[in-house]
Amino acid sequence: MQGRIIFLLEEPSMRVLLDDWLPRLFPGWVDGQHFQCVPHEGKSDLDRSIPRKLAAWRIPGDRFVIVRDNDNAHCIDLKAKLQALCAQSGRPETLIRLVCQELESWYLGDLAALAAAFDQPKADTPAHRKRFAHPDDWQKPSVEVKRLVPAFQKNSGARTMAQHLNSGNNHSKSLQVFVAGVRHMAAGMGYQESLN
């Protein structure tokens, strides 16, 4: 594999998830060697950081993925704004992935993983599977996850979910698009992965 994939992230909980989940998707991947996650303190911090980081990055072969919550914004406009920032910074090939609406929608997309991760079998019932069949449509998935798992906390929850999340069984379209984009980028860099 040539270079690393650098993930510019909106929040620390996404870093916690990806640090443990990416090596499951790509066995053999090591943080710092094959990928690096750079968290920010919210959308404004990430948006201000993108031009500086992309323009200043000098490590040959490294490629970038920006991961940001959509939070009910207009997807096309938001993605166009981020693409413009990347192009102005000399990195038009940067992959942009929007999480609809929040990271927790990825968890609602895999209720079996959520139930297993927190030993909450009642989280994965036929009624809940029907209710959350389209997890990206929920305005506040974090509220719904907290209802299913009252003890859920963002960072510790992300660490626990990373061990159980299965992209092949996940109903979140934004998760599927994220995984497909990273797989395509990794394949273009000469790296093969599993199907977890």
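Reader: To start with, which side chain meets that of Asp47 in a salt bridge?
Author: The partner of Asp47 is Lys81, with a distance of 3.1 Å from N to O. Please keep in mind that this is a predicted model.

Reader: Where do Asp47 and Lys81 lie?
Author: Asp47 belongs to helix α2, and Lys81 to helix α3, which covers residues 75-88. The pair therefore ties together parts that are 34 residues apart in sequence.

Reader: And is Asp47 buried or exposed?
Author: Asp47 is buried, its relative accessible area being 13%. Lys81, by contrast, is partly exposed at 42%, because only values under 20% count as buried and those over 50% as exposed.

Reader: How many salt bridges are there in the whole structure?
Author: A search of the whole structure gives twelve. One of them joins the side chains of Glu10 and Lys43, at 3.4 Å from N to O.

Reader: What does the pair of Glu10 and Lys43 tie together?
Author: Glu10 is in the loop between β1 (5-9) and α1 (12-25), while Lys43 is in helix α2 (residues 43-56), so the parts tied together are 33 residues apart in sequence. Glu10 is buried, with a relative accessible area of 6%, and Lys43 is partly exposed, with 27%.

Reader: Which residue is linked with Glu10 and Lys43 in a network?
Author: That is Asp71; salt bridges link Glu10, Lys43 and Asp71 in a network.

Reader: What about Asp124, which residue does it form a salt bridge with?
Author: Asp124 pairs with Arg129, and their closest N and O atoms are 2.7 Å apart. Asp124 is partly exposed at 23% relative accessibility, and Arg129 is also partly exposed, at 42%.

Reader: Turning to the helices, at what angle do α1 and α8 pack?
Author: The angle between α1 and helix α8 (residues 154-162) is about 10°, and their axes are 8 Å apart. That makes the two helices, α1 and α8, roughly parallel, because angles under 35 degrees count as such.

Reader: Which residues of α1 and α8 meet?
Author: On the α1 side they include Pro12, Val16, Leu17 and Trp21, and on the α8 side Ala158, Met161 and Ala162 are among them.

Reader: How do the residues of that contact divide into nonpolar, polar and charged?
Author: In the contact of α1 with α8, seven are nonpolar, two are polar and four are charged.

Terms used:
Residues numbered from 1 in each chain as written. Predicted model: local features only at pLDDT ≥ 70, side-chain atom pairs only at ≥ 80, totals over all residues. Heavy atoms only, no water. Salt bridge = Lys/Arg side-chain N within 4 Å of Asp/Glu carboxyl O. Helix = DSSP H or I, 4+ residues; strand = E, 2+ residues; numbered from the N terminus. Buried < 20%, exposed > 50% of the residue type's maximum accessible area, 1.4 Å probe, protein only. Axes fitted to C-alpha atoms, helices over the stretch in contact; angles between N-to-C directions. Parallel < 35°, antiparallel > 145°, perpendicular 65-115°, else oblique. Contact = heavy atoms within 4.5 Å. Nonpolar A, V, L, I, M, F, W, Y, C, P; charged D, E, K, R; others polar.
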